[in-house]
Amino acid sequence: MAIEVLKPGLATSVQDAGRPGYYHLGIPLSGALDQQSLVLANLLVGNDEGAAVIESTLLGPELQFDAPALVAVTGADAKIKLNVNEVPRNTAFAVQAGDRLGFDFMKLGARMCIAVAGGIDVPVVLGSRSTYSLGAFGGFNGRKLLAGDRLPVGVPSATARAGRTVQAALLPVLDKEVVLRVLPGIYFHRLQEVSVQSFFADTWTVGSEADRIGYRYKNGTPLKFHERTPPFGAGDDPSNIVDAGYPYGSIQVPGGREPIILHRDAVSGGGYAMVGTVISADMDLIAQMQPNHKARFVEVDMAQALEARAERRRRIERLRAALSA
């Protein structure tokens with residue numbers, strides 16, 4: 001079977017659990033920005049947790065199915081319409097041949113995962129079906145979806161069934177203001193003490209430059225770096241360094257003005273000082289932030305970061321247990 005894209009929505013693409021193992025070659029993780037929503041959507045329709053889904057941003061696509069299928073939509077809060085009837089989020093529902101699935105603008109949150117039993121069956125590239133638009137490979141023809149695209153769907157598992165749902169208590173909370181835990185980076189010492197204090201004290205606002213590559217934050221106090229003689233190979237601005245690798249979730253502040261958090265499609269290195277890294281357990285929160293949403297940064301140490309990662313794994317285990325019951 002196949003799904004036809006009637007309207008692509010905004011920045012809609014095929015994504016799965018991602019493409020680890022190639023960062024040293026300049027190829028980022030890619031994959032769904034909200035990994036917990038990816039896992040939940042796939043579990044609801046009986047797929048492997050990392051199966052390929054349709055990821056949409058702010059405004060979902062309009063899709064038409066040429067055969068019966070089982071679908072689940074997770075992530076951001078938006079009205080979902082199957083033909084003329086509204087269907088629930090976070091619940092597996094059946095569609096018939098000829099049915100149309102559409103979405104309103106997302107009221108809260110910024111990304112949805114649309115899973116279909118059997119998974120979106122695009123070719124595997126470097127171990128993943130995820131789209132990496134900057135590299136023009138993976139996903140559907142290496143790009144965002146366009147009207148007229150036809151997405152092939154794999155064979156559903158024997159466990160796929162309509163009506164599977166999850167308790168609200170197990171769902172991630174969507175909010176317009178979040179706390180992001182940060183592990184100070186190897187260039188954190190370059191910040192003046194007054195800027196260390198303001199970075200964690202201020203409330204920052206998501207700018208319009210917020211996509212799969214990175215999120216820019218504004219309306220905080222500009223950061224001041226210690227003056228120094230630029231080393232050979234670095235730029236003249238105090239925020240410049242000799243080129244280094246960027247970890248996933250790293251925070252750079254070009255010119256000290258607006259922090260940028262690098263996300264799953266970001267480049268793997270460059271010449272800006274990394275003042276810290278948002279811990280992996282909080283990266284899904286960033287994926288659901290719309291422009292003008294608010295964030296505060298909170299400093300944590302490695303032990304706290306590892307415990308947060310372990311707690312995130314426990315939450316996903318609870319999801320697995322609930323949906324397999």
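Guide: A residue is called buried when its relative accessible area is under 20%, exposed when that area is over 50%, and partly exposed in between. The structure shown above is a predicted model.

Visitor: Why is Asp149 called buried?

Guide: The relative accessibility of Asp149 is 7%, and since buried means under 20%, Asp149 counts as buried.

Visitor: What makes the contact of Asp149 with Arg143 a salt bridge?

Guide: A salt bridge needs a side-chain nitrogen of Lys or Arg within 4 Å of a carboxyl oxygen of Asp or Glu. In the pair of Asp149 and Arg143 the closest N and O atoms are 2.8 Å apart, and the two residues form a salt bridge.

Visitor: How many salt bridges does a search of the whole structure find?

Guide: The search finds 18 salt bridges. One of them joins the side chains of Glu4 and Arg150, with a distance of 3.9 Å from N to O, a value that falls within the 4 Å cut-off. This pair links distant parts of the chain, for Glu4 belongs to strand E1 (residues 2-7) and Arg150 to strand E11 (residues 150-152), 146 residues apart.

Visitor: How do you know that the salt bridge of Asp284 and Arg312 ties together separate parts of the sequence?

Guide: The side chains of Asp284 and Arg312 meet in a salt bridge at 3.0 Å, N to O. Asp284 lies in helix H3 (residues 283-287) while Arg312 lies in helix H4 (residues 302-324), and therefore the pair ties together parts that are 28 residues apart in sequence. Asp284, at 11% relative accessible area, is buried, and Arg312, at 17%, is buried, because the limit for this word is under 20%.

Visitor: Which residues are linked in a network of salt bridges?

Guide: Glu307, Glu311, Arg314 and Arg318 are linked in such a network.

Visitor: What makes Val267 partly exposed, and where is Val267 found?

Guide: Its relative accessibility is 43%, which lies between the 20% and 50% limits, so Val267 counts as partly exposed. Val267 is found in the loop between strand E17 (260-262) and strand E18 (269-272). Together with Leu134 and Ile213, Val267 forms a nonpolar patch on the surface, with about 240 Å² of accessible area for the three together.

Technical notes:
Residues numbered from 1 in each chain as written. Predicted model: local features only at pLDDT ≥ 70, side-chain atom pairs only at ≥ 80, totals over all residues. Heavy atoms only, no water. Patch = residues over 30% accessible without salt bridge, like charges linked within 9 Å, V, L, I, M, F, W, Y side chains within 5 Å. Areas by Shrake-Rupley, 256 points an atom, 1.4 Å probe, with all protein chains shown as cover. Helix = DSSP H or I, 4+ residues; strand = E, 2+ residues; numbered from the N terminus. Buried < 20%, exposed > 50% of the residue type's maximum accessible area, 1.4 Å probe, protein only.
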